Amino acid sequence: MQDLTFLDFSIRNGGIIAEANLKLRDQGLVLLRGENLDSGGSNRSGKSTLFDALSYTVIGSGGKGRTESRAGISKNDFLPLRGGGNVEFVLRFIHKDDEYEIGNYRKHKPYGTSIRITKNGEYQEHTIAIGDMQKEVLKCHGLSEREWFGSVYLTQNHSHTLVSGTPKQKHEHVAAHFGLDDVAKCITINSKWIGAIQLPDEDSLRELLG
């Protein structure tokens, strides 16, 4: 969406992540590398958790294990592995010249389990259930679930499904999440997106590397 700009996303005490901050504005193509502080290396360092938390904040559903009949990761899955709560996801974005801050909290002090919306610096008071608050979040950014999973954000689960599984599983996956008939069409469209990424010319690249 041309009138939607994501600014940044922060997560605290979410699953295995103690704290992470992700800049989203004007980032282009990003390689995210994680470091597992418990055992070293990048495996199980929280990369998928970070993006599932972002997805959960945007549309109320994470991508991990997501199918047509299962919503995927739930808010309980984000509780810290070492116990306690104080889970905090904060997303900032601009939509149609209005700046929003979405705070998604779980067993948090002082916000409990709630969703809080701030528009142009002013907190929007609501007295509705958390499920209805997620509907208010959808109104703020204007994205549908299909647009989010199909065009804006591909979870690790989506990527893995495109390279593994039976032909029938692949077909059902891309049909459900991308509205496409088969994997070949998905590859064609994604190839066009990748091909449209502007890379620096030779002189600029040489200067950058120098």
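**Strands and rings**

I102 has I117 in β5 as its bridge partner. This is a predicted model, in which local features need pLDDT of at least 70, side-chain atom pairs count only at pLDDT 80 or more, and totals for chains, interfaces and linings use all residues. Residues are numbered from 1 along each chain as its sequence is written, and side-chain values use heavy atoms, leaving out hydrogens and water.

**Strand pairing**

- Strands β4 (residues 98-108) and β5 (residues 112-119) run antiparallel, joined by 7 bridges; strands are DSSP runs of E with at least two residues, numbered from the N terminus, and two of them pair if DSSP finds at least two bridges between them.
- A hairpin through 3 residues joins β4 to β5.
- β5 is also joined to β6 (residues 122-124) by 3 bridges, again antiparallel, and K119 has E122 in β6 as its bridge partner.
- The hairpin of β5 and β6 has 2 residues between the strands, and N120 in the turn has a positive phi of about 50°.

**Aromatic rings**

- The whole structure holds 4 aromatic pairs, meaning Phe, Tyr or Trp rings (six-membered ring for Trp) with centres within 6.5 Å; planes under 30 degrees apart are stacked, over 60 edge-to-face and the rest tilted.
- F93 and Y100 are stacked, 5.3 Å centre to centre with 25° between the planes.
- Both F93 and Y100 are buried (under 20% relative accessible area; exposed is over 50%, partly exposed in between, with a 1.4 Å probe and protein chains only).
- F6, F93 and Y100 form one aromatic cluster.

Notes
Helix = DSSP H or I, 4+ residues; strand = E, 2+ residues; numbered from the N terminus.
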